[in-house]
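Here is a short briefing to read alongside the structure. Keep the view open and find each part as you go.

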Amino acid sequence: MSTTRPYPPGDLGPESGGASASAAPAAATPVGQIRRLRLAGTRGAVARGRDFARQALHDWGWLPAASADRRAAAEDVLLVVSELVTNACLHAEGPEELRLRCTSKVLRLEVSDLGAGSPAPRSPHRPGRPGGHGMFIVQRLCLDWGVVRHPDGTGKTVWAELAAPS
């Protein structure tokens, strides 16, 4: 696991600067906005999670993308959502909930599940082999990621943070 900032789910840590620190227009910076999607017991969780994230990105002004950098940032978010939800489906009895939290600097993705295992990039990474690339992709695309165990001992939340587009 890779994490240098083990903040609990929903806590992005201290936000540097004030509201004037961002050069982006107010409509494109939904500071502190959280979106939740219940996935427990649903079919097509990966597609539903990706569609939910796409709609949030649209509502937050990331889409439609005005530049190649913004388009790449949105595509990275959708890929990481797909990987985290897929891992919960394959290795953790299915996802319980997907949460997205956007600040002026970071988009935090969280997938909660009831599984006992901990995701980790396969080491060594072997690009030519099928499977086992999900957490490697997450590690490469994200600023940081980690796992927080639920206090009651039933499951965990896997979180990942991506930089908001400039």
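In this predicted model, the buried residues of helix α1 are Ala45, Val46, Gly49, Phe52, Ala53, Ala56 and Leu57. Seen down the axis of α1, these buried residues fall within an arc of 135°, so they line one face of the helix. That face has several neighbours: the buried residues of α1 pack against β1 (33-38), α2 (68-91), β2 (95-102) and β3 (106-113).

**More on helix α1**
- Helix α1 covers residues 45-59, which makes 15 residues.
- From its first C-alpha to its last, α1 reaches 21 Å, close to the 21 Å expected at 1.5 Å a residue.
- Just after α1 comes Gly61, which takes a positive phi of about 85°.
- An α-helix has 3.6 residues a turn, so residues three or four places apart point the same way.
- Both partners are partly exposed: Arg54 has a relative accessible area of 36%, and Asp51 has one of 46%.

**Salt bridges between strands**
- Side chains of opposite charge can pair when their charged atoms come close.
- The whole structure holds nine salt bridges.
- One of them joins the side chains of Glu96 and Arg38, at 3.6 Å from N to O.
- This pair links distant parts of the chain, with Glu96 in strand β2 and Arg38 in strand β1, 58 residues apart.
- Arg38 counts as exposed, at 52% relative accessibility.
- Another salt bridge pairs Glu161 with Arg108, and here the closest N and O atoms are 2.7 Å apart.
- Glu161 sits in strand β5 (residues 156-163) and Arg108 in strand β3, so to speak distant parts of the chain, 53 residues apart.
- Glu161 counts as buried at 0% relative accessibility, and Arg108 is likewise buried at 0%.
- Salt bridges that share partners join Arg36, Glu97, Arg99, Arg108, Glu110 and Glu161 into one network.

**The whole protein**
- The protein has three helices and five strands, and from the N terminus on they run β-α-α-β-β-α-β-β.
- Of the 166 residues, 41% are buried.
- Among contacts between residues at least 6 apart in sequence, 65% join residues at least 24 apart.

**Confidence in the model**
- The mean pLDDT of the protein is 83, and 80% of its residues reach 70 or more.

Notes: Residues are numbered from 1 along each chain as its sequence is written. Side-chain values use heavy atoms; hydrogens and water are left out. Helices (H or I, at least four residues) and strands (E, at least two) are DSSP runs, numbered from the N terminus. The expected span of a helix is 1.5 Å times one less than its number of residues. Buried means under 20% relative accessible area, exposed over 50%, partly exposed in between (1.4 Å probe, protein chains only). The arc is that of the directions from the helix axis to the C-beta atoms. Contact means heavy atoms within 4.5 Å. pLDDT is the predictor's confidence in each residue, from 0 to 100. A salt bridge is a side-chain nitrogen of Lys or Arg within 4 Å of a carboxyl oxygen of Asp or Glu.
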